[in-house]
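Opening the notebook on this one.

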Amino acid sequence: FKSMNQQFIDSHEFFTCSQKIKCTVCEGPSEASHQRIILQTKAIKKKALSRKEPKGGKLQPGTWTTGVVESVQPMQISMRLKYNIRARLHITELAEDIDLADLAFGKEMKVRILGWHSIESSHFRHFEVSTRKDTELTGPVLDVDGNEVEQGKEVVGIVQGVEENYLWVVFSRNVRGRLHVLDSASDFAQLKDFQKRFQYGEKIQCKITKADEDLRNIDLTLKKEGKKKKISAGDVLCGAVTNVSE
């Protein structure tokens with residue numbers, strides 16, 4: 001991108017969607033420009049090209065700042081912060097008084113910096129942000145209601161995906177659990193409607209039956225605890241077919 005003072009600049013660093021700018025038409029639509037209009041902006045001052053941070057404080061974990069919504073997806077909101085820094089607001093980091101349906105392109109909102117995105121495969125480095133006040137920057141992982149995520153605990157999560165025999169539930173931006181169809185209800189009659197019972201984005205409460213130390217593998221249940229019956233020869237049991245092989 002070249003401005004009228006013949007400076008080559010990174011357009012992503014100095015311009016944002018919906019920003020108003022003044023341009024001069026240099027060339028009309030043509031085959032060479034693929035029927036596009038060629039524009040030039042007014043001169044950009046050298047001061048604007050400085051990479052030094054303006055006054056107002058650094059963006060660092062724990063600080064609050066204003067973000068602008070750029071896109072809304074089922075499980076996350078892409079935002080733009082000051083200094084033109086990208087940010088991701090995961091659905092589990094939405095405060096209870098904020099409805100995902102009310103968020104739209106261009107909406108401004110206060111967010112808290114949690115840290116840089118930890119996924120190394122990302123093409124663009126960006127901040128993880130939150131609108132919740134109870135999210136810990138360090139320490140135990142908390143679910144969407146502020147409960148500690150650990151084995152044996154009742155936790156609240158959001159349905160991320162419904163498969164034939166499994167339900168995926170997210171508790172935080174980096175932690176999710178798996179609910180098997182047989183653990184989704186105590187009543188066998190409800191198992192056949194497994195995929196219809198849960199909706200994408202629905203909030204549910206479940207119990208963690210198994211979790212490894214780094215919370216990468218978590219098993220869940222919705223069954224009510226009761227007295228376990230000893231299985232003996234001749235008992236009639238109920239179950240669900242999960243695989244048919246030759």
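**Entry 1: I158 and its neighbours**

I looked up I158 first: skipping neighbours within four places in sequence, I158 is in contact with M75, I91, T92, V144, W168, V169, V170, G201, E202 and K203. Contact here means heavy atoms within 4.5 Å. I158 lies in strand β8. I158 counts as buried at 7% relative accessibility. My cut-offs: buried is under 20% relative accessible area, exposed is over 50%, partly exposed is in between, with a 1.4 Å probe and protein chains only. I also checked E202: its C-alpha atom is separated from that of I158 by 5.5 Å, though the two residues are 44 apart along the chain.

Ground rules, before I forget. This is a predicted model, with local features needing pLDDT of at least 70 and side-chain atom pairs counting only at pLDDT 80 or more, while totals for chains, interfaces and linings use all residues. Residues are numbered from 1 along each chain as its sequence is written, and side-chain values use heavy atoms, with hydrogens and water left out.

**Entry 2: whole protein**

Of its 246 residues, 31% are buried. I then took the contacts between residues at least 6 apart in sequence, and 54% of them join residues at least 24 apart.

**Entry 3: salt bridges**

How many salt bridges are there? I get eight, taking a salt bridge as a side-chain nitrogen of Lys or Arg within 4 Å of a carboxyl oxygen of Asp or Glu.

E70 and R80 meet through their side chains at 3.1 Å, N to O. E70 sits in strand β3 (residues 64-72) and R80 in strand β4 (residues 76-80), so this pair ties together parts that are 10 residues apart in sequence. E70 is partly exposed, with a relative accessible area of 22%, whereas R80 counts as buried at 11%.

D145 pairs with K203, and their closest N and O atoms are 3.7 Å apart. This one links distant parts of the chain, 58 residues apart: D145 is in the loop between β7 (127-130) and β8 (154-162), and K203 is in strand β11 (residues 203-211). D145 counts as partly exposed at 36%, and K203 counts as partly exposed at 47%. K203 is already in my notes as one of the contacts of I158.

D219 forms a salt bridge with R178, with 3.7 Å between the closest N and O atoms. D219 lies in strand β12 (residues 218-221) and R178 in strand β10, so the pair ties together parts that are 41 residues apart in sequence. I have D219 down as partly exposed at 26% and R178 as partly exposed at 31%.

**Entry 4: second largest pocket**

I ran pockets on a 1 Å grid over the protein atoms alone: a pocket is an open set of points where a 1.4 Å probe fits, with protein on both sides within 12 Å along at least five of seven lines, and lining residues have an atom within 4 Å of a point. The second largest pocket has a volume of about 620 Å³, the volume being the space filled by probe spheres set on the points, which are joined across faces, edges and corners.

Its lining comes to 28 residues, and V141, S172, R173, N174 and V175 lie nearest the centre. β5 (86-90), β9 (166-172) and β10 (175-180) each supply at least two lining residues. By type I get 10 nonpolar, nine polar and nine charged.

**Entry 5: S172**

S172 is found in strand β9 and is buried, with a relative accessible area of 9%. Leaving aside neighbours within four places in sequence, S172 is in contact with H90, T92, V141 and L142. A polar atom of the S172 side chain lies 3.3 Å from the backbone nitrogen of V175.

How values were computed:
Helix = DSSP H or I, 4+ residues; strand = E, 2+ residues; numbered from the N terminus. Nonpolar A, V, L, I, M, F, W, Y, C, P; charged D, E, K, R; others polar. Polar contact = N/O pair within 3.5 Å; in protein donor to acceptor, adjacent residues only side chain to side chain.
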